[in-house]
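Keep the viewer open as you read.

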There are 2 protein chains.
Amino acid sequence: MSKISTSKNRTKRETITQQAAVLFRRKGYASSTMRELAEEIGVEASSLYNHIGSKVEMLKEICFKVAEAFHSHLDETEKNLTSPTQKIESLIRFHIHMMLDDFDAVYVSNHEWNQLKEPELSSFLQLRRNYEKRMTDIVMKGIEEKQFSPGNASVIVFTILSALRGLELWQRHKKNISKIELENTMLQQLLHGILKNR
Amino acid sequence: MSKISTSKNRTKRETITQQAAVLFRRKGYASSTMRELAEEIGVEASSLYNHIGSKVEMLKEICFKVAEAFHSHLDETEKNLTSPTQKIESLIRFHIHMMLDDFDAVYVSNHEWNQLKEPELSSFLQLRRNYEKRMTDIVMKGIEEKQFSPGNASVIVFTILSALRGLELWQRHKKNISKIELENTMLQQLLHGILKNR
DNA sequence: AAAAAAAACGAATAAGCGTTAGTTTTGTGC
DNA sequence: GCACAAAACTAACGCTTATTCGTTTTTTTT
């Protein structure tokens, strides 16, 4: 096998899709062309179709792979932890790590899912609603158990999730601050905003 | 004057641009076509060019109008208020109001600015950096004056700004909660995350 | 080294894009 | 009702797009 380099025992398909994520993040899905993607990989556009199905199929794979990562971590969290505070902290930390380690894919999943076609569009949204619902239930439990300050649980969840998205903006400033400091400052800010006793 | 309805003593150009914001938000700038926009307005695509310069010029107007709104409010805030806590609260409230009252334009400004061409792209980014810098200075002052918990001021600002963006996700749930409750919950969550004494 | 399979290529297709040009319709002021 | 300007239309341009097709090159298997 030649032109398409497959580092880290990835398939060529995976290599291409991951490069697509980089491109989609930088230029947006609709503004990215197959010719651009091909050029970055070092091949002609038509050659890509020996490995991938279509442009939108790559987007689909990116979005669902990310969604499934979050879901399976949530499964683990609910299985292994009991305290709402611990659960929320675990979720926050996972979001931060995903954002730092798999930035392009997470970004694309967050911003370009709406370019999916049906029926993928609907099932993706279903996944999202599910995740938010389960997270909201955790917060509600935390409020009941007096671990969190009272407030509308949905608003709290959205505020947390949105703040975590802020890590997108963060990539620019990478150099000026360490991962550790970032993670701690953010966790402190978010948790101490909802924790009753500090 | 006929087909293009100009409610609220807007010019036709403004009416078109505002409809463009709605479309750009729903489908993304690159995926929105002039023919679609024309159809929503009830006119042929070519007719739009009697009123607007080009597609990207509408995007430019949307983005800069929003940016200038935030900047002039920041000017007012710095002129009229002294306490960092008051200033930050004022900024947060303004963001919430803008997001609720001029949702489409703010959303487009947040998500599609990167589709601008030079030199607008650079000057838009300059505006953004300026705003963030001034806001960061306020937070730093607040930390110095022991009004805020210590922490990296930049991270705090990004966390706040990102959380405020969360109001985008909120539009879906509009019905289930009042503006007031939303604003208060969010402000409490954000402020009490950085305020030292509650 | 021959045969089979995988990968890459160049060229072409059909559809859609923003935008322009020329013309016709509509509205306004005398 | 006539002249002028504003606004809308139809038709087309030139360009870009994702994708397909048939062929050639490269790699793997026998």
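**A walk through the model**

Lys146(B) sits in the loop between H7 and H8 of chain B.

First, some ground rules. This is a predicted model, where local features need pLDDT of at least 70 and side-chain atom pairs count only at pLDDT 80 or more, while totals for chains, interfaces and linings use all residues. Residues are numbered from 1 along each chain as its sequence is written, and chains are lettered from A and ligands numbered from 1 in the order in which they are written.

Start with chain A. You'll find 10 helices and zero strands there, with helices (H or I, at least four residues) and strands (E, at least two) taken as DSSP runs numbered from the N terminus. Read from the N terminus, the order of elements is α-α-α-α-α-α-α-α-α-α. Of the 198 residues in chain A, 31% are buried. Here a residue is buried if 20 or more other C-beta atoms lie within 10 Å of its own, exposed if 12 or fewer, and partly exposed in between, with C-beta atoms placed from the backbone. Now for contacts, which are pairs whose C-beta atoms, placed from the backbone, lie within 7 Å. Taking the contacts in chain A between residues at least 6 apart in sequence, 68% join residues at least 24 apart.

How does chain B relate to chain A?

Next, look at where the chains touch. Chain B puts 31 residues into the contact, and chain A puts in 31 residues. On the chain B side, the elements giving two or more residues are helix H8 (153-165), helix H9 (167-170) and helix H10 (179-194). H10(B) gives the most, with 10 residues. By class, that side of chain B has 13 nonpolar, 16 polar and two charged residues; Ala, Val, Leu, Ile, Met, Phe, Trp, Tyr, Cys and Pro count as nonpolar, Asp, Glu, Lys and Arg as charged, and the others, Gly among them, as polar. Since 100% of the interface residues of chain B are also interface residues in chain A, the copies meet through the same surface.

Two packed helices are described by the angle between their axes and the distance between the axes. Axes here are lines fitted to C-alpha atoms, for helices over the stretch in contact, and angles run from 0 to 180 degrees between N-to-C directions. The axes of H1(B) and helix H2 (residues 34-41) of chain B come within 10 Å and cross at roughly 115 degrees. This crossing of H1(B) past H2(B) is right-handed; a crossing is left-handed if the near helix is turned anticlockwise from the far one by less than a right angle, and right-handed if clockwise. Ile16(B), Gln19(B), Ala20(B) and Leu23(B) of H1(B) meet Glu36(B), Leu37(B), Glu40(B) and Ile41(B) of H2(B). That makes five nonpolar, one polar and two charged residues in the contact.

H1(B) also packs on helix H6 (residues 103-111) of chain B, at an angle of about 55 degrees and with the axes 8 Å apart. That makes H1(B) oblique to H6(B), given that angles under 35 degrees count as roughly parallel, over 145 as roughly antiparallel, 65 to 115 as roughly perpendicular and the rest as oblique. Here H1(B) passes H6(B) in a left-handed crossing. The residues that meet are Ala21(B), Val22(B), Phe24(B) and Arg25(B) from H1(B), and Asp104(B), Ala105(B), Tyr107(B) and Val108(B) from H6(B). They divide into six nonpolar, no polar and two charged.

Finally, the backbone. Most residues other than glycine have a negative phi, and most peptide bonds are trans. In chain B, a cis peptide bond joins Glu118(B) and Pro119(B), with omega about 5 degrees, and Pro119(B) is in the loop between H6 and helix H7 (120-144). Back at Lys146(B), phi is near 65 degrees, a positive value in a residue other than glycine. Lys146(B) counts as exposed, with 10 C-beta neighbours inside 10 Å.

Notes:
Contact = placed C-beta atoms within 7 Å.
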